[in-house]
Amino acid sequence: MSTHTDSSPWKALVAHQKSLSGQSISALFSDNPERFDHFSVEAAGLLLDYSKNLVTAETLELLTNLAEEAGLQKAISAMFSGEVINTTENRPALHVALRSPEQNTEFEKIVHSTLDQMESFVNKVTSWQWQGCNGDPITDVVNIGIGGSDLGPAMVYEAMSDYHLDGIRCHFVSNIDPAHLEQTLEELNPATTLFVIASKTFTTLETMLNAQAARAWFLNGNGNEQDLGKHFVAVSANVDKASDFGIDPGNIFPLWDWVGGRFSLWSAIGLPVALGIGMDNFRALLAGANEMDIHFQKTRFETNIPVLLGLLDIWYTCFLQAESKAILPYSQKLELLPAWMQQLSMESLGKSVDSDGSVIDFSGQIIWGSAGTNGQHSFHQLLHQGTHLIHADFIAVAKVETDKQEQHEQLLANCFAQSHILMCGKEDDDPHKKVLGNKPSNTLILKKLYPHSLGSLLATYEHSVFVQSVLLDINAFDQWGVEAGKTANTHIYAAMTSTDSDESFDPSTDALIDYLKKL
């Protein structure tokens with residue numbers, strides 16, 4: 001058990017939760033008409049309204065005490081200063097350096113050198129100076145990666161559709177299922193397509209199989225080996241393997257072991273985003289994240305947006321036994337945000353031991369969700385009338401560029417209506433129609449969805465996950481469960497494809513392998 005759960009602040013929170021039993025959020029508003037003013041914060045282009053939560057001022061004070069007891073401020077300083085906080089892999093977790101405007105440290109200097117390399121390349125491609133094998137400009141960019149090398153860039157590119165450059169379309173391929181690549185390439189021209197192979201090791205199974213298939217597609221489309229360098233670039237730490245693939249070493253963009261995959265969007269992993277929206281907008285994304293970094297690093301806990309979000313998640317997970325959280329962006333452009341959040345949170349907090357290797361009582365939450373208003377006609381029924389305690393983050397954009405203003409206002413009204421009914425419920429004599437309410441939620445509002453505000457929002461969630469990891473005393477920056485699955489795959493694939501393999505796994509897996517071999 002983590003020492004944090006043995007601390008006085010933890011025990012005080014256990015007692016406090018019992019004293020709040022039966023309390024309603026609506027009653028808290030009745031007791032404090034100015035509750036919204038006291039339970040909302042605005043910073044870095046975001047408004048966080050956390051007034052619709054099952055918390056009081058005392059709850060927040062006790063949670064803050066817990067954060068102080070856990071050494072949160074020290075942990076924040078350690079991360080920003082580049083200390084080794086990824087203890088199982090003996091390395092820093094310095095993704096914040098990727099968006100720092102400073103060039104004081106060696107980390108920052110190599111980051112800015114890479115940004116300059118990206119800018120030079122992006123300018124060539126977007127100004128049509130970079131030409132394919134037939135002398136034509138690039139019209140399509142296909143990013144081949146998986147996990148952090150896919151989810152972040154794909155999500156940001158879709159979110160920034162208002163900023164897409166004319167003449168270039170970006171596509172994202174991740175699934176090892178050949179249908180994903182085949183469907184993507186179906187209408188593309190090999191002579192005007194640029195592939196970005198994103199793999200830190202250049203050995204990731206799914207990525208390399210897709211990369212080899214893309215290479216064959218290009219060569220079969222009248223390209224030749226000498227033209228590969230015009231159509232393939234890489235984001236990787238393994239220059240030798242990328243070069244062997246046929247990529248010009250000058251077009252291999254670096255990655256470093258102090259940047260984890262799910263935190264790598266801000267690095268050259270974001271190259272397809274920069275190609276799709278331009279380097280100025282990519283730098284604006286970094287600037288928004290950096291503004292939130294400064295807020296997170298320097299603001300007291302009581303008014304610190306990422307800290308508050310992290311503390312509230314701890315409150316529901318550890319003290320109210322809420323096992324899942326819904327991410328509900330009321331913006332079609334943010335449709336992929338829940339998937340990005342799933343990896344960020346569940347890969348970081350899906351652990352069962354603390355930093356010392358001792359078994360813990362609590363890990364991270366199950367993250368799920370979809371874009372509103374679609375979810376209202378599917379899983380919101382469970383949110384409103386189900387028996388589970390599920391807290392939710394509603395994310396809305398105040399202003400959009402559209403001539404359908406009424407539809408946008410209806411979208412926002414739906415967003416506010418959902419959080420209102422979750423909290424207040426609905427009385428009805430018919431028990432089937434009655435909604436009990438008293439379900440908690442946060443609302444995050446972006447004044448406008450543009451690169452700076454998106455960067456701020458994503459950095460907010462990154463830091464909120466880090467806050468939870470500190471209070472749970474776990475390493476947020478490794479993913480050994482993922483590695484275990486990769487190792488098992490190697491052995492099972494060998495058994496499936498060999499006629500003389502006698503390797504055994506478990507009775508079910510062995511039977512499935514035998515069944516497939518018979519087919």
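Trainee: How many helices and strands does the protein have?

Mentor: The secondary structure comes to 20 helices and 11 strands. Helices (H or I, at least four residues) and strands (E, at least two) are DSSP runs, numbered from the N terminus. This is a predicted model, where local features need pLDDT of at least 70, side-chain atom pairs count only at pLDDT 80 or more, and totals for chains, interfaces and linings use all residues. Residues are numbered from 1 along each chain as its sequence is written, and side-chain values use heavy atoms, with hydrogens and water left out.

Trainee: What share of the residues is buried?

Mentor: Buried residues make up 52% of the 519. Buried means under 20% relative accessible area, exposed over 50%, and partly exposed in between (1.4 Å probe, protein chains only).

Trainee: On to sheets. What is the strand order in the open sheet of 5 strands?

Mentor: The order is E4-E3-E5-E6-E7, with parallel pairing. Two strands pair if DSSP finds at least two bridges between them. The edge strands are E4 (169-173) and E7 (252-253), and each pairs on one side only.

Trainee: Which helix packs on that sheet?

Mentor: Helix H9 (residues 205-220) does, touching E3 (140-144), E4, E5 (193-198) and E6. The direction of H9 makes about 160° with that of E5. Axes are lines fitted to C-alpha atoms, for helices over the stretch in contact, and angles run from 0 to 180 degrees between N-to-C directions. Contact means heavy atoms within 4.5 Å.

Trainee: And how many bridges join E6 and E7?

Mentor: E6 (residues 232-235) and E7 pair in the parallel sense over 2 bridges. Alanine 234 stands opposite isoleucine 252 in E7.

Trainee: What about E11, does it run parallel or antiparallel to E2?

Mentor: Antiparallel: 4 bridges join E2 (residues 46-49) to E11 (residues 441-448). Leucine 48 stands opposite leucine 444 in E11.

Trainee: How many bridges join E10 to E11?

Mentor: 7 bridges join E10 (residues 390-399) to E11, and these two run parallel. The chain crosses from E10 through helix H17 (residues 405-424) to E11, a right-handed β-α-β crossover. Right-handed means that, with the strands pointing away from the viewer, the path from the first strand over the helix to the second runs clockwise.

Trainee: New topic. Where is the cis peptide bond?

Mentor: It joins glycine 372 and threonine 373, with omega about 15°. Threonine 373 lies in the loop between E9 (366-368) and helix H16 (380-385).

Trainee: What is phi at phenylalanine 202?

Mentor: Near 55°, a positive value in a residue other than glycine. Phenylalanine 202 lies in the loop between E5 and H9. At 4% relative accessibility, it counts as buried.

Trainee: And asparagine 90, buried or exposed?

Mentor: Exposed, because its relative accessibility is 61%. Asparagine 90 also has a positive phi, about 55°, although it is not a glycine. It lies in the loop between H5 (72-80) and H6 (106-126).

Trainee: Last one. What does threonine 64 contact?

Mentor: Leaving aside neighbours within four places in sequence, threonine 64 is in contact with Phe301, Glu302 and Leu311. Its place is in helix H4 (residues 57-69). Threonine 64 counts as buried, at 6% relative accessibility.
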